[in-house]
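Biologist: Hi! Could you walk me through this one?
Modeller: Happy to, have a look.

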Amino acid sequence: MAEIMKQRNMQEQLRSEMMDAQEKMKHDKMQQLAEKYYYHDMIKQNESKQALKEMNYKNFYQHTAEAQKHAEDMHVNQVLSPQMKRKNDIDQFIDKGVKDENERKLRDEVNRLKNRYEQYQDMNRTLKV
C-alpha cells in the first residue's frame, strides 16, 4: 500500500509538474505572442511616422517650389517686365532715330545729286549759248 501511495504521489507530482510545464509553455507562448504583437505595433507605428515624415517633406518641398515660382513670377512682373518695356521703348526710339538719320542722309544725297545735276544743266546751257 505504501508503494501504491508512493506511486500515486509520484504520478500526482508528475501530473503537477506536467501541468506546471504546460502552464509555463502557455505563459511563454503568450509572452512571445505579446512581444511579437508589441514589436509588430512598433514597426507599424514607425512606418506610419516615416510615411508622415515623407509626406511632410514632400509638402514642404512642394510649398517651397511654389513659393520660389511665385517669387520668380513676381520678380518678372515687377522688375523684368518694366525693364523689358523700357528696353523696347529705347530700342524703338533708337530705331526711329536711326531711320530718321538715314532718311536725312538720303535726302541730303538726293539734294546734292539734284544740285550737281542743276549745275551740270547750267553748264550745258552756258556752253550752248
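Biologist: Is Phe-60 buried or exposed, or partly exposed?
Modeller: Phe-60 is partly exposed, with a relative accessible area of 48%. Buried means under 20% relative accessible area, exposed over 50%, and partly exposed in between, using a 1.4 Å probe and protein chains only. This is a predicted model, where local features need pLDDT of at least 70 and side-chain atom pairs count only at pLDDT 80 or more, while totals for chains, interfaces and linings use all residues. Residues are numbered from 1 along each chain as its sequence is written, and side-chain values use heavy atoms, with hydrogens and water left out.

Biologist: Thanks! How many aromatic pairs does the structure hold?
Modeller: Three. Rings of Phe, Tyr and Trp (its six-membered ring) pair if their centres lie within 6.5 Å; planes under 30 degrees apart count as stacked, over 60 as edge-to-face and the rest as tilted. One of the pairs is Tyr-57 with Tyr-61, which is stacked at 6.3 Å centre to centre, with 20 degrees between the planes.

Biologist: Where do Tyr-57 and Tyr-61 lie?
Modeller: Both are in helix α1, four residues apart, about one turn of the helix. Helices here are DSSP runs (H or I, at least four residues), as are strands (E, at least two), numbered from the N terminus. Tyr-61 also pairs edge-to-face with Phe-60, at 5.3 Å centre to centre and 65 degrees between the planes. Ring pairs link Tyr-57, Phe-60 and Tyr-61 into a cluster.

Biologist: What about α1 itself, how many residues does α1 have?
Modeller: α1 has 127 residues and reaches 178 Å from its first C-alpha to its last, close to the 189 Å expected at 1.5 Å a residue. That expected span is 1.5 Å times one less than the number of residues.

Biologist: And where does the kink in α1 lie?
Modeller: At Leu-80, shortly before the proline Pro-82, and the kink is about 40 degrees. The bend at a residue is the angle between axes fitted to the seven residues ending there and the seven starting there.

Biologist: New topic: which residue forms a salt bridge with Asp-89?
Modeller: Lys-85, with the closest N and O atoms 3.4 Å apart. A salt bridge needs a side-chain nitrogen of Lys or Arg within 4 Å of a carboxyl oxygen of Asp or Glu. Asp-89 and Lys-85 are four residues apart in helix α1, so about one helical turn separates them. Lys-85 is exposed at 53% relative accessibility, whereas Asp-89 is partly exposed at 37%.

Biologist: How many salt bridges are there in the whole structure?
Modeller: A search finds 10. Among them is Glu-12 with Arg-15, at 3.1 Å between the closest N and O atoms.
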